[in-house]
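Hi everyone, thanks for coming. I'd like to walk you through one fold today, so please have a look at the screen.

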Amino acid sequence: MKKMFVSGFMLSLFLVSCSSVKPTKYMEAISASDLKTNLYVIAGDEMEGRNTGEPGQKKAGKYLISQYEKIGVSYPKGATDFYQKVPAAFMSRAFSPKLNDSENIWAFIEGSEKPDEILVISAHYDHVGMKNGQVYNGADDDGSGTVALLEIAKAFMLAKKDGHGPKRSILFLHVTGEEHGLHGSRYYVEHPLFPLKNTIADLNIDMIGRRDDKHKDNGNYVYLIGSDRLSTDLHKISENANKEYTKLELDYKYNDRNDPERIYYRSDHYNFAKNGIPSLFYFNGVHEDYHKATDTPDKIEYDLLQKRAQLVFVTAWELANRKDRPVIDRDGK
């Protein structure tokens, strides 16, 4: 009897393993053509560079909301709409431009088994506006991350419609005011819709549509920053997801604790990380059009943008569906 019990137990484990759904089908739904269509809108001249709180940014926000509504993703439980208002007073800093009231934009897919545990996927949708009559379109910074969030949400919704929705909830968070001081993400962590203790991780996307000088001849890489600062689990999940599905070259140059450019501290994931939330920042490096009027959507490598967005998706898939949340086993330094 004992031998039969063990055999039956092993068989049940095998069946459970076989029944687990792989993200491959839904990863392929992340489309270079849809990324391009959306980015030409988000980084179009009519958005006037999406400066924080200005009409162009608000127009971009309305477009994002229309796309979430189109794919059937609503705003979070507990919110009254897609906006988290960020007041100008919160963003006021000495020696900085005076900013208008602005908004984070959030969308939400509720988890089927652990709805109170939240995975945040973030990107900033602001840029620097107009200077001397020129539009600073911010196609890579961070139009690329902005449209990637839409495609990742679309992929998760397709899975949900097939009966394979995420077990944990996912908050798609488009933050404002990044260019002026990481204001929108700071506002969210100080005024979270869901308790920060329930937030299992933040995957932050900021510039994933181009390549830098170091990788001029390599169209198959991405920089990963921060994955091992708080959680070796998060690092392993990321590495394994890439190894199985996307096979990008993962470059950890900017994860060096002695990085002179201090990239780890310069995007929105940092406001989550400093609050003890395992965080991972996806980045393509600085290029010749960084913070210039020449950062336009025609220069984006859409196939590369697609593949990087797919890496974020399969990593998010594992985080949202695995049995345990990432263990915090490092000090964040």
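Let me start with a question: which residues point one way from strand 8, and which the other way? Tyr 221, Tyr 223 and Ile 225 point one way, Val 222 and Leu 224 point the other way, and all are buried, where buried means under 20% relative accessible area with a 1.4 Å probe, protein chains only. Five of the five residues of strand 8 are buried, so this strand is largely enclosed by the rest of the structure.

A quick word on where this comes from: it is a predicted model, in which local features need pLDDT of at least 70 and side-chain atom pairs count only at pLDDT 80 or more, while totals for chains, interfaces and linings use all residues. Residues are numbered from 1 along each chain as its sequence is written, and side-chain values use heavy atoms, with hydrogens and water left out. Helices (H or I, at least four residues) and strands (E, at least two) are DSSP runs, numbered from the N terminus.

Now, the neighbours of strand 8. Strands count as paired if DSSP finds at least two bridges between them. With strand 9, strand 8 pairs in the parallel sense over three bridges, and Val 222 has Leu 250 as its bridge partner there. With strand 10, the pairing is antiparallel, over three bridges, and Leu 224 has Tyr 282 as its partner.

Zooming out, the open sheet has eight strands in the order 1-2-6-3-7-10-8-9, with mixed pairing. Its edge strands are strand 1 (83–86) and strand 9 (249–251), each pairing on one side only. Elsewhere in the sheet, strand 3 (residues 114–124) and strand 7 (residues 199–205) are parallel over five bridges, and Ile 121 stands opposite Leu 203 in strand 7.

On to the helices. Helix 8 (residues 232–246) packs on the sheet, touching strand 7, strand 8, strand 9 and strand 10; contact here means heavy atoms within 4.5 Å. Strand 8, helix 8 and strand 9 make a right-handed β-α-β unit: with the strands pointing away from the viewer, the path from the first strand over the helix to the second runs clockwise.

Finally, helix 10 (residues 302–321): 17 of its 20 residues are buried.

Notes:
Axes fitted to C-alpha atoms, helices over the stretch in contact; angles between N-to-C directions. Buried < 20%, exposed > 50% of the residue type's maximum accessible area, 1.4 Å probe, protein only.
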